[in-house]
Amino acid sequence: MTGSHTPDVAEGAMGHGYARHSRVQHSAADHGMPLLDRALDAVVLPRDGSPFRVADLGAAAGTNSLGPLHAVVERVRARTAARTPVTVVHTDIPANDFNALFDTLTGSPDSYVRDPDVYACAQARSFYEPLFPTAELHLAWSAIAVHWLSRVPGPVLGHVFSSRATGAAREALRQQSRKDWEAFLTHRARELRSGGQLVVLGGASADDGTSGAEGLMDAADAVLGDLAREGLITTAEHARMTIPTWNRTAEEFLAPLGTEPLAEVLRLEEHELVALPDPHLERYEETGDASAFAEGVTQFFRAAIEPSLFSALDPERSDAEVSAAAGAFAEGLRARAAADPEALETHWHVLMLRVTRR
């Protein structure tokens, strides 16, 4: 394709290769499996052979959904002692790569859809909106997705990452996050059946507001500054670039669950704040291969975050210009990561919570 640049990915959409470069997200799902197991023990099951209905909220390419949903099918059928039908709806924003999602579901040898009487479909809509009829769901699962905002209220001055925001910009992001999280919970409260379970693994912050990824984000912002000085992007484009996320503190996650009206219909069962290991640095410490570390970090960033940043480029830019800027960004981030792996050590914070619909 030639001509002017039209962003093909919206803010918050995952880039190409996300399925191959989401080991950190997969680690988070592994940490959340005990909560999911307890949710499957507690959930009120359907009667008379009617289907068990599950929502996978923020599915991306589906890679990190396979294990949890396979566990859902197995546990539901163990409890019912029957081949209870299971329906799964994977949801994500319209810009998500749903072709990649269905390639994962149909092509993976360990996909849960290979089990009999399991039915998978998808819905292209934000989970900050209504997604299902009233009392439709027995279980809702969301892993490393609710830190993405529905909109960015304004740029982070002098940086691309929300934890570096200060003053009014920081408060605007916090308030947008509060509105989004309350909307998410309000819709799930209506959509879950009585006795239904909600399990959320959310990108979080420690009490001091740090996400555990500040070193990586500082390096990325510095590389973008280099690109602006070299003329590959403009200073205005760099200033517009903001990763559309807010990593909530535990207090911010739990606040709406402790007050009306949500506290009347949703009961918080358990929660835990964890810091994920850094698989890239662990491998580097084992092998001493700084180049492999740099490549892993760069591919993770490009798949999960770069699309949101590069959506801020001027739409009249040619595809060749965008490709050149993206290539230079990747080269710059690799160089910084290889030069000082410890400076980019990343321990994402995750708040894991399980909620029952009363």
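**Figure 1. Strand S4 is mostly covered.** In this predicted model, seven of the seven residues of S4 are buried. The strand spans residues 137-143. S4 runs parallel to strand S5 (residues 192-204), and six bridges join the two. Ala-140 has Leu-198 of S5 as its bridge partner. Trp-141 stands opposite Val-199, again in S5. S4 also runs parallel to S1, here with three bridges. On that side, Val-54 is bridged to Leu-139 of S4. In a regular strand, side chains alternate between the two faces of the sheet.

**Figure 2. Seven strands form an open sheet with mixed pairing.** The strand order is S3-S2-S1-S4-S5-S7-S6. Strand S3 (118-124) and strand S6 (266-275) are the edges. Each has a single partner strand, so one side of each lacks a neighbour in the sheet. From one strand to the next, the twist averages 15 degrees.

Figure 3. H2 has 15 residues. From its first C-alpha to its last it reaches 21 Å, close to the 21 Å expected at 1.5 Å a residue. Which residues of H2 are buried? They are Leu-66, Pro-68, Leu-69, Ala-71, Val-72, Val-73, Val-76 and Arg-77. Ala-81 follows the helix, and its phi is positive, near 55 degrees.

**Figure 4. Helix H4 packs on the sheet.** This helix holds residues 167-191. H4 touches S1, S4, S5, S6 and strand S7 (349-357). The direction of H4 makes about 155 degrees with that of S5.

**Figure 5. Ala-124 lies in strand S3.** Arg-354 is 230 residues away from Ala-124 in sequence. In space, the two are 25 Å apart, C-alpha to C-alpha.

**Figure 6. Helix H12 (residues 319-339) has 21 residues.** The helix reaches 30 Å from first C-alpha to last, close to the 30 Å expected at 1.5 Å a residue. Its buried residues are Val-322, Ala-325, Ala-326, Ala-328, Phe-329, Ala-330, Leu-333 and Ala-337. What covers the buried residues of H12? The cover includes helix H5 (214-230), helix H10 (290-304) and helix H11 (306-310).

**Figure 7. Ala-337 is found in helix H12.** Ala-337 is buried, with a relative accessible area of 0%. Not counting residues up to four places away in sequence, Ala-337 touches Phe-293, Ala-294 and Leu-344. Gly-296 is 41 residues from Ala-337 along the chain. The C-alpha atoms of these two residues are separated by 9.6 Å.

**Figure 8. Helices H5 and H10 pack at an angle of about 80 degrees.** Their axes are 12 Å apart. The angle makes H5 roughly perpendicular to H10. From H5 come Leu-216, Met-217 and Ala-220. They meet Val-297, Phe-300 and Phe-301 in H10. By class, this contact has six nonpolar, no polar and no charged residues. Both helices are also among the elements that cover the buried residues of H12.

**Figure 9. Thr-249 is found in a loop between two helices.** The loop joins helix H6 (235-240) and helix H7 (250-254). Is Thr-249 buried or exposed? Thr-249 is buried, because its relative accessible area is 13%, and buried means under 20%. Its contacts are Ser-205, Ala-206 and Asp-207, leaving aside neighbours within four places in sequence.

Terms used
Residues numbered from 1 in each chain as written. Predicted model: local features only at pLDDT ≥ 70, side-chain atom pairs only at ≥ 80, totals over all residues. Heavy atoms only, no water. Helix = DSSP H or I, 4+ residues; strand = E, 2+ residues; numbered from the N terminus. Expected span 1.5 Å × (residues − 1). Buried < 20%, exposed > 50% of the residue type's maximum accessible area, 1.4 Å probe, protein only. Contact = heavy atoms within 4.5 Å. Axes fitted to C-alpha atoms, helices over the stretch in contact; angles between N-to-C directions. Parallel < 35°, antiparallel > 145°, perpendicular 65-115°, else oblique. Nonpolar A, V, L, I, M, F, W, Y, C, P; charged D, E, K, R; others polar. Pairing = 2+ DSSP bridges.
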